[in-house]
Amino acid sequence: MRGLFASTSHKEEGERKVPSSSEEGVGGGAVSRTTLLERARQMRNNPTEPEKRLWQHLRGSQLSGCKFRRQTIIDNRIVDFFCPEKGVIVEVDGDTHDRHSDAIRDKRMLDAHGFTTVRITNEEVIQNIDGVLTFIALQLAEAGDRWRRGNHPLTPSFEKEGE
């Protein structure tokens, strides 16, 4: 569990619930872009064990040649992993996730941006990483390309930088 976002069963007087990464803006109004950027940075610096393990297989375009980003901000939400080329979000869910709320957020993301959300449990990552990678690869293949590789402002060509 992410220490920054973990809610406790008891609240001290005057303390309010900090929203989780998938429900930014829920716990007391909109969250500023600066706050989201800081939270995303902290989450990248302190990933959960399942996120670390999955990232080792997603980083460097290892899975199906697709580039992934970690702890990406989309609207008022921080998603665990995002492949902009395919419009696929991968969320690694712990025990505290509410399926109903997640389904609502995922539908909003699909309706607003056309991004598909793939949900994997912590347990699946730890116990069956090969199955998880196969499942994600199938989702990427089904998604198709949203643009040609290297020809979109969200995926700059580093070879052409500085020209």
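**Exercise 1. Two ring pairs**

Decide whether W55 and F81 are buried or exposed, then classify how their rings pair.

*Solution.* Start with accessibility. W55 is buried, and F81 is buried too. Here buried means under 20% relative accessible area, exposed over 50%, and partly exposed in between, with a 1.4 Å probe and protein chains only. The model is predicted: local features need pLDDT of at least 70, side-chain atom pairs count only at pLDDT 80 or more, and totals for chains, interfaces and linings use all residues. Residues are numbered from 1 along each chain as its sequence is written, and side-chain values use heavy atoms, without hydrogens and water.

Next, the rings. Rings of Phe, Tyr and Trp (its six-membered ring) pair if their centres lie within 6.5 Å; planes under 30 degrees apart are stacked, over 60 edge-to-face, and the rest tilted. The structure holds two such aromatic pairs. For W55 and F81, the centres are 5.8 Å apart and the planes are at 10°, so this pair is stacked. Now place the two residues. W55 sits in helix 2 and F81 in strand 2, 26 residues apart, so the pair links distant parts of the chain. Helices (H or I, at least four residues) and strands (E, at least two) are DSSP runs, numbered from the N terminus.

Finish with the pair of F82 and F115. Its centres are 4.8 Å apart and its planes are at 55°, so it is tilted. This pair also links distant parts of the chain: F82 is in strand 2, F115 in the loop between helix 3 and strand 4, 33 residues apart. Both F82 and F115 are buried.

**Exercise 2. Strand 2 and its neighbours**

Work out which way strand 2 runs against strand 1 and against strand 3.

*Solution.* Two strands pair if DSSP finds at least two bridges between them. Strand 1 and strand 2 run antiparallel and share five bridges. Strand 2 and strand 3 (residues 88-93) also run antiparallel, with three bridges.

Then follow F81. In strand 3, F81 stands opposite V90.

Last, check the cover. Strand 2 (residues 77-83) is mostly covered, with seven of its seven residues buried.

**Exercise 3. Positive phi**

Which residues take a positive phi in the hairpins of strand 2, and where does S64 lie?

*Solution.* Take the hairpin of strand 1 and strand 2. Two residues lie between the strands, and D75 takes a positive phi near 55°. D75 is a residue other than glycine. In the hairpin of strand 2 and strand 3, four residues lie between the strands, and G87 takes a positive phi near 70°.

S64 is not a glycine, yet its phi is positive, about 55°. S64 lies in the loop between helix 2 and strand 1. S64 counts as partly exposed because its relative accessibility is 42%.

**Exercise 4. A cavity and a pocket**

List what lines the largest cavity and the second largest pocket, then sort each lining by residue class.

*Solution.* Rolling a probe the size of a water molecule over the atoms shows where empty space is left. On a 1 Å grid over the protein atoms alone, a cavity is a set of points where a 1.4 Å probe fits but cannot get out; a pocket is an open set with protein on both sides within 12 Å along at least five of seven lines; lining residues have an atom within 4 Å of a point. Grid points are joined across faces, edges and corners, and a volume is the space filled by probe spheres set on the points.

The structure holds one cavity of 30 Å³ or more. The largest cavity has about 50 Å³ of space. Its lining is M43, R44, P47, E51, K52, W55, R70, Q71 and F81. Helix 1 (33-45), helix 2 (49-58) and strand 1 (69-74) each give two or more residues to this lining. Helix 2 gives the largest share, three residues.

Now sort. Ala, Val, Leu, Ile, Met, Phe, Trp, Tyr, Cys and Pro are nonpolar; Asp, Glu, Lys and Arg are charged; the others, Gly among them, are polar. The cavity lining has four nonpolar, one polar and four charged residues.

The second largest pocket has a volume of about 290 Å³. Its lining includes D93, H97, R99, R119 and E124. Helix 3 (99-113), strand 4 (116-121) and helix 4 (122-127) each give two or more residues to it. The count is one nonpolar, four polar and seven charged.
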